[in-house]
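Subject: Structure handover

Hello,

Here is the structure I said I would pass on. Please open it first, and then read the notes below beside it.

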Amino acid sequence: MKLFFSFIAGVWVQTALASPEGLLFFEQKVRPVLVEHCYSCHSAEAKKLKGNLYLDSKAGWQKGGDSGEPAIIPGKPEESLLIRTIQHLEEDLEMPPKKPKLAAAVIADLVTWVKLGAPDPREGGKVEVKRADKTWWSLQPLRDFKSQISDFKSAGIDDFISAKLKEKGLDFNPPADPRALIRRMTYDLHGLPPTPEEVESFVQKPDVAALVDRLLASPRYGERYGRHWLDVVRFGESNGFERNFIIDDLWPFRDYVIRSIHADKPFDQLIIEHLAGDVIGKNQPEIEVGSAFLVAGPYDDVGNQDRVAQANIRAATLDDMVTATSGAFLGLTINCARCHDHKFDPIPAEDYYRIKSAFEGVTHGRRVVASAEARVAHQQALKPLQTELTRLMAEQDALDKALNDRAKTAVAHLRFTRSAVDAHGTEESFAPVTAKHLRFVIHSFTNDYQGTPTKRVGGGKLTEFEVFDTSGRNVALASHGTQVEGARSAVAEDFPQAYGPQYCIDGARGEAWFIGNPPVLTLTFAKPERIIRVNFINARGERSTDESKVRGATPTEYEIQVSEDGQVWTTVATDEGRQPATSGHALAKARKAMISQEETARLAALQKQISAIQAQIGRVPALPQMWVGNHAQPKEPTTLHKGGDPMKPGEVIAPASLKVLSEVTPAYELPADAPEGERRLALAKWITQQNPLTARVLANRVWQWHFGAGIVDTPSDFGYLGSQPTHPELLDYLASRLIAHGWRLKALHREILLSKTYQQSAAYREDGARLDAASRLLWRFPPRRLQAEEVRDTMLFTAGQLKLEPIGGPGFRLYKHMQNNVSTYSPLDQHGPDTYRRAVYHQNARASIVDVLSDFDFPDTAFAAPRRANTTTPLQALTLLNHSFVLDMAGALADRLPQANAVEAAYQILFQRKPETMEVQAAEQLISGHGLRAFCRALLNANELIYLD
Amino acid sequence: MDFSRRDFLSHMTTGLTGVALSRLWAAEHRQQSHFHPKARQVLQIFCPGGASHVDLWDHKPLLEKHHGMPLPGAPEVSFQGKNGNLMKSPWAFQAAGQSGKMISSLLPHLAHHVDDMAFIHSMTSRTNTHGPGCIAMNSCFTREGFPSAGSWVSYALGSLNDNLPTYVAIQDLRGEPPNGKANWSNGFLPAQHQAVTMSAQQALRNLVRPQAIAESEETATRDFLQRINLRHAQSHPGHHELQARMAAYEMAAKMQLTAPEVSDLSKEPQHVHDLYGTQDANGLKAAYARNCLLARRFLEQGVRYVSLYCASRASAVDGLLNWDAHKTLKADYERHGPIFDQPTAALLTDLKQRGMLNDVLIIWCTEFGRMPTHQEGTSGRDHNPDAFTTWMMGAGVKGGVSHGATDDFGRRAAVDVTTVYDFYATVLHLLGLDHEKLTYYHNGAKRRLTDVHGHVLNSILA
């Protein structure tokens with residue numbers, strides 16, 4: 001295949017003639033500096049050219065480097081990047097790099113030279129860089145095939161393939177035998193094997209067109225091809241980054257994709273819904289949910305207080321949307337133009353910000369997605385309940401207020417005998433008592449009663465709890481043999497000790513017990529102890545340390561009880577007589593002292609009614625919330641970020657199309673302050689109307705999904721660094737057919753599946769392999785391994801365990817999800833029957849690993865995975881041999897095999913063929929020694945199960 | 001060096017011809033350096049949480065002197081908010097070794113090794129957040145999806161054994177580091193280059209034959225599997241993936257034999273256990289000590305890249321799970337220091353005594369440093385991406401030197417400012433790899449470990 005490169009030659013015509021004095025100045029003061037300090041990175045002799053900038057010719061600096069601007073503006077040193085970099089005025093571009101700044105006199109000479117108009121006698125020189133320009137193949141209009149939608153035939157495809165084969169002296173393989181073909185097609189369109197009955201029926205009557213129609217009509221097709229598309233749009237159900245919290249309401253987007261593809265929704269419509277479903281389908285959930293595409297990627301949600309970090313995080317969040325959009329629909333890497341003009345494709349940095357501006361109003365998050373009728377109905381159901389709730393709460397508030405006013409007067413009369421509790425240590429002494437058990441029963445904390453005397457927060461902490469015997473020893477210490485119990489208010493499932501009460505008796509103030517409910521600490525001593533005093537501490541540091549933002553609440557109201565048998569408890573001390581911890585606490589005490597029985601009863605009755613109403617409100621079905629993102633008009637216009645740095649805003653950039661396609665595709669440019677929804681809709685229309693990239697990229701994906709590799713085998717990169725098409729005419733033909741079919745995939749599938757190219761055998765041929773080992777020219781159907789989901793689904797299906805219903809809904813999990821500030825996902829050792837659904841319904845958290853799926857290259861969805869990897873590792877073997885899931889499936893498969901002919905039945909179910917005599921003999925030997933399950937386990941590990949012809 | 005062939009091989013094994021089954025796996029993995037390597041293996045020790053440079057490695061006399069005074073310049077808002085005045089380290093620094101390097105008295109055992117260490121005091125990070133910081137310290141990128149350095153090394157150099165993984169990540173008892181598995185992810189490199197997680201507490205996943213299956217059944221099942229796979233391969237000439245998968249099953253069987261042996265620490269003599277502290281009363285220290293010992297045993301068996309974690313993720317468990325001392329620095333590091341110090345020092349001693357430092361490059365990492373000030377309302381320190389310390393020692397590294405420096409208080413890197421790109425350019429250099437030539441095509445770009453940056457730190461090379 002011939003590769004064609006194109007070059008941009010930055011040819012500048014020299015217009016100004018330099019004066020002899022100027023040239024002399026250059027030779028004496030400038031050239032030596034450039035040679036000594038710059039040429040090692042910026043000349044034709046450079047070992048590696050840096051920043052695509054040549055300084056060994058006039059044309060070099062006139063063209064400039066990655067900045068896209070001339071490095072020198074004659075006469076204007078302050079605007080010349082070269083001068084600014086040596087003056088260290090450009091962050092991260094200080095020149096010469098990693099070396100001391102040039103001497104002031106040297107810099108002054110260069111400034112003078114630029115002021116003089118930068119006279120430079122160095123003509124010629126190398127300035128071209130290998131890269132694409134607007135003549136690049138993928139940016140051209142589609143070839144015109146005059147294709148007609150009514151002319152339903154696939155001869156076109158075979159002609160293109162055959163012509164290329166003939167050039168190499170090759171030809172197609174003979175047709176595949178019917179068993180291989182139905183296996184191939186069923187996996188291709190459903191990701192599952194055919195049943196033995198389906199195989200037999202097809203072998204009897206190999207009506208391929210009928211088979212294709214049957215397969216395309218099934219919801220299984222939507223699941224299989226929906227999954228392909230989810231790969232392309234980097235769909236993942238956790239936010240990634242540090243917190244990686246799980247997202248439980250993004251599955252409606254997954255179901256939307258599956259449904260849309262099953263229904264053969266025109267793909268241009270699908271793209272518009274992805275980018276602007278909320279704009280064109282407001283209050284139409286089925287359309288609105290499409291725009292979840294924008295927020296299906298990872299993003300950083302950590303509560304960063306640093307202003308620069310916040311700006312960078314926002315920029316990275318929008319970059320994900322630009323990257324996903326350009327890769328999925330256009331096959332371009334517009335994201336490579338974020339910091340500088342694209343190095344290889346004709347995409348200036350401005351283009352990046354033109355596209356970015358479309359997404360400025362989008363933020364990640366969930367919101368209600370419901371029809372107008374549903375919203376009205378919901379409001380009507382709630383209204384009477386809320387009216388009643390408001391009335392009850394007003395009555396409660398009035399009563400509370402009256403009580404609190406009285407308490408404010410009464411508080412002055414309260415008298416206390418002891419100091420308030422102290423976070424650094426509160427002691428309670430009592431007459432010597434013998435105790436085997438001691439418990440600290442907490443009734444309130446220092447953070448209670450704030451604002452109102454009835455408000456309770458709870459959830460305090462203790463770093464240490466000490467119990468002293470008559471000799472002054474702390475007998476509470478774990479090192480003394482004491483055991484401790486107490487509920488905690490937080491858990492970290494992967495670190496069981498966390499937050500536990502044992503920190504109260506470890507003799508150190510470092511870690512704290514997070515006090516849960518009931519708030520009771522119970523100590524059991526190793527033997528009965530004669531005790532006289534306790535001391536409880538909440539502080540971690542010394543009194544001099546400012547802990548105002550560190551410490552939790554301290555217990556304020558409590559009882560200390562002891563017991564000899566753990567049955568009968570005696571109270572030996574309480575907080576009685578202590579000063580209140582806070583003014584709120586004082587009010588609460590006063591209120592408690594003066595409230596009447598009637599008032600208490602009335603408040604309790606009101607609270608009961610309020611709780612009942614709240615429960616009723618809770619039972620009104622909520623409007624569905626979905627992770628579809630939120631939208632708001634941006635406050636600022638989009639600006640270019642110089643060097644990709646959001647702290648260095650450049651010129652204002654208006655929402656607009658890519659300039660490079662302006663001669664091919666109708667361009668748009670909106671005002672810089674255009675409504676954000678309009679921006680996304682304009683972008684969506686530009687992508688879907690007369691845009692040759694969109695059709696080519698999608699047609700290529702369809703081809704890849706059928707054959708394993710696309711005509712371009714870098715499916716989301718049609719730029720310079722991507723691959724060239726093996727069959728450029730065929731690609732354009734398919735793209736044209738796609739458009740002619742109204743952007744419906746099923747018609748295109750039919751053309752491909754009914755072709756000779758697709759239906760030929762996968763058999764190996766020396767001549768083909770010698771010339772084209774990867775079968776890219778399609779002298780045979782390329783054999784392939786099953787993908788991750790197919791491997792798991794196949795085991796479930798063949799074992800008779802796969803649950804095909806319900807289709808969709810919340811996903812299942814093959815990991816345990818643990819949440820403690822950040823999320824942790826650990827794979828499950830047992831996969832219960834509730835997980836026996838198709839793998840496409842697995843809730844795929846980012847940066848998680850699960851058995852079978854991860855082993856077989858299920859992608860981590862940090863990025864789009866337009867083409868799955870295909871690796872062979874020992875870990876796959878360990879999983880399939882030893883994970884309980886495979887053993888369970890082997891057992892289930894064994895159970896469904898008939899007593900007679902078990903071996904043949906298994907081969908028919910798994911491999912769609914009869915076993916050979918040798919295979920039967922070997923199998924029967926294994927079965928007689930070790931049973932059917934051993935045999936089934938071996939077959940589930942067999943190569944034949946997961947490789948297709 | 002032709003890496004495009006490597007791209008091809010690792011992407012799809014189709015196209016190999018005539019390679020013996022058992023060697024096929026190793027053949028794909030035995031690669032070559034760009035130039036003569038100084039190191040063959042890497043031991044990475046990672047203290048997640050942002051281990052404080054000014055409390056461990058970077059002595060700042062002026063910080064002591066100006067304790068309680070404002071940091072010169074405008075008051076700063078960092079990751080968690082406002083900061084208070086300068087706060088000296090709760091631990092005195094002491095001169096150690098021939099080099100007289102000043103080291104925190106919190107690390108008395110590690111102080112014995114300073115003459116073998118090359119400190120990099122001028123490290124900077126592009127992020128002030130743990131998760132992105134940790135993966136940046138492993139992959140040079142702050143967003144996930146990129147291959148970790150261990151994966152790049154596995155991809156570039158392959159395996160040194162045929163019965164253990166090439167790249168092992170040893171997790172702390174307390175759980176995963178921030179951003180979890182992304183720290184040892186293969187990113188877009190083929191899956192065989194990801195780290196396999198194993199620790200003294202957690203065996204290699206799915207390593208053990210199910211209890212329900214007797215050994216005789218296992219043998220018979222594998223024999224049958226081998227027969228039907230051979231038969232299938234014979235009917236599919238030229239389909240080398242089939243042979244690769246059979247070879248992978250062979251290697252899995254070898255791993256099943258070797259991995260438990262390597263993980264069996266009971267074979268180590270008592271004095272070795274004592275050296276590491278594997279039976280210490282402090283359960284977290286004992287657990288980490290066992291992982292240190294396990295790391296040595298992996299390196300002995302030719303594991304190419306071992307990542308050893310001391311502490312785990314950011315947590316609401318204040319200061320307990322990792323080095324993220326926002327609230328009470330003293331209490332927190334009095335917990336972490338002893339867990340880290342003796343076992344790590346023992347590992348260094350042990351590797352040195354066995355002569356393994358000729359082959360093994362040791363790198364100590366954390367994601368960023370901490371502020372020289374205390375956080376408002378706390379006695380802890382906030383994140384500081386503008387300055388932190390890392391160190392290297394072992395194969396190819398000059399000992400007893402320091403590269404770069406921070407300003408008077410440790411607020412910012414000031415001399416020879418260094419990035420994670422420089423750090424890994426140096427690591428690759430020591431492994432005989434040119435960081436600008438080690439590339440892999442992904443989604444429109446020829447990706448490098450060091451992105452488009454990085455300079456080898458020549459001053460620390462032996």
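In chain A, the axes of H13(A) and helix H14 (residues 349-359) come within 9 Å and cross at roughly 110 degrees. Angles from 65 to 115 degrees count as roughly perpendicular, so H13(A) and H14(A) are roughly perpendicular to each other. On the H13(A) side, the contact is made by Leu318(A), Met321(A), Val322(A), Thr325(A) and Ser326(A). H14(A) brings Tyr352(A), Ile355(A), Lys356(A) and Phe359(A) to this contact. Sorted by class, the residues of the contact are six nonpolar, two polar and one charged.

Please keep in mind that this is a predicted model.

H13(A) itself has 24 residues. From its first C-alpha to its last it reaches 34 Å, close to the 34 Å expected at 1.5 Å a residue. After H13(A) comes Gly331(A), with a positive phi near 65 degrees.

Helix H15 (residues 372-410) of chain A packs against helix H16 (residues 583-594) of chain A. Their axes are 8 Å apart, and the angle is about 105 degrees. H15(A) and H16(A) are therefore roughly perpendicular to each other. Which residues meet in H15(A) and H16(A)? From H15(A) they are Leu403(A), Asn404(A), Arg406(A), Ala407(A), Lys408(A) and Ala410(A). From H16(A) they are Leu587(A), Ala590(A), Arg591(A), Ala593(A) and Met594(A). This contact has seven nonpolar, one polar and three charged residues.

The other pair is helix H11 (residues 267-280) and helix H18 (residues 676-688) of chain A, whose axes come within 8 Å and cross at roughly 170 degrees. An angle over 145 degrees counts as roughly antiparallel, which means that H11(A) is roughly antiparallel to H18(A). In H11(A), the residues that meet H18(A) include Ile271(A), Ile272(A) and Leu275(A). Among those in H18(A) are Leu681(A), Leu683(A) and Ala684(A). By class, the contact of H11(A) with H18(A) has 10 nonpolar, two polar and two charged residues.

A kinked helix

Helix H1 (residues 20-37) of chain A has 18 residues. It spans 25 Å from its first C-alpha to its last, close to the 26 Å expected at 1.5 Å a residue. H1(A) has a kink of about 40 degrees at Val30(A), shortly before the proline Pro32(A).

Backbone details

Most residues other than glycine have a negative phi, and most peptide bonds are trans.

- The peptide bond from Met95(A) to Pro96(A) is cis, with omega near -15 degrees. Pro96(A) is in the loop between helix H3 (81-86) and helix H4 (104-115) of chain A.
- Another cis peptide bond runs from Glu805(A) to Pro806(A), with omega near -5 degrees. Pro806(A) is in the loop between helix H24 (788-798) and strand S18 (815-820) of chain A.
- Ala847(A) is not a glycine, yet its phi is positive, about 50 degrees. You will find Ala847(A) in the loop between S19 and H25 of chain A.

For chain A, the domain assignment gives domain 1 (7-130), domain 2 (417-597) and domain 3 (785-948). The centres of domain 1 and domain 3 of chain A, taken over C-alpha atoms, are separated by 62 Å.

How many residues does each chain give to the contact between chain A and chain B? Chain A gives 87 residues and chain B gives 83 residues. Elements of chain A that each supply at least two residues to its side include helix H13 (307-330), strand S19 (822-827) and helix H25 (874-882). H25(A) provides the largest share of that side, seven residues. The side of chain A that touches chain B divides into 35 nonpolar, 30 polar and 22 charged residues.

Regards

Methods
Residues are numbered from 1 along each chain as its sequence is written. Chains are lettered from A and ligands numbered from 1 in the order in which they are written. This is a predicted model: local features need pLDDT of at least 70, side-chain atom pairs count only at pLDDT 80 or more; totals for chains, interfaces and linings use all residues. Two residues are in contact if their C-beta atoms, placed from the backbone, lie within 7 Å. Helices (H or I, at least four residues) and strands (E, at least two) are DSSP runs, numbered from the N terminus. Ala, Val, Leu, Ile, Met, Phe, Trp, Tyr, Cys and Pro count as nonpolar, Asp, Glu, Lys and Arg as charged, and the others, Gly among them, as polar. Domain bounds come from an automatic or database domain assignment. The expected span of a helix is 1.5 Å times one less than its number of residues. The bend at a residue is the angle between axes fitted to the seven residues ending there and the seven starting there. Axes are lines fitted to C-alpha atoms, for helices over the stretch in contact, and angles run from 0 to 180 degrees between N-to-C directions. Angles under 35 degrees count as roughly parallel, over 145 as roughly antiparallel, 65 to 115 as roughly perpendicular and the rest as oblique.
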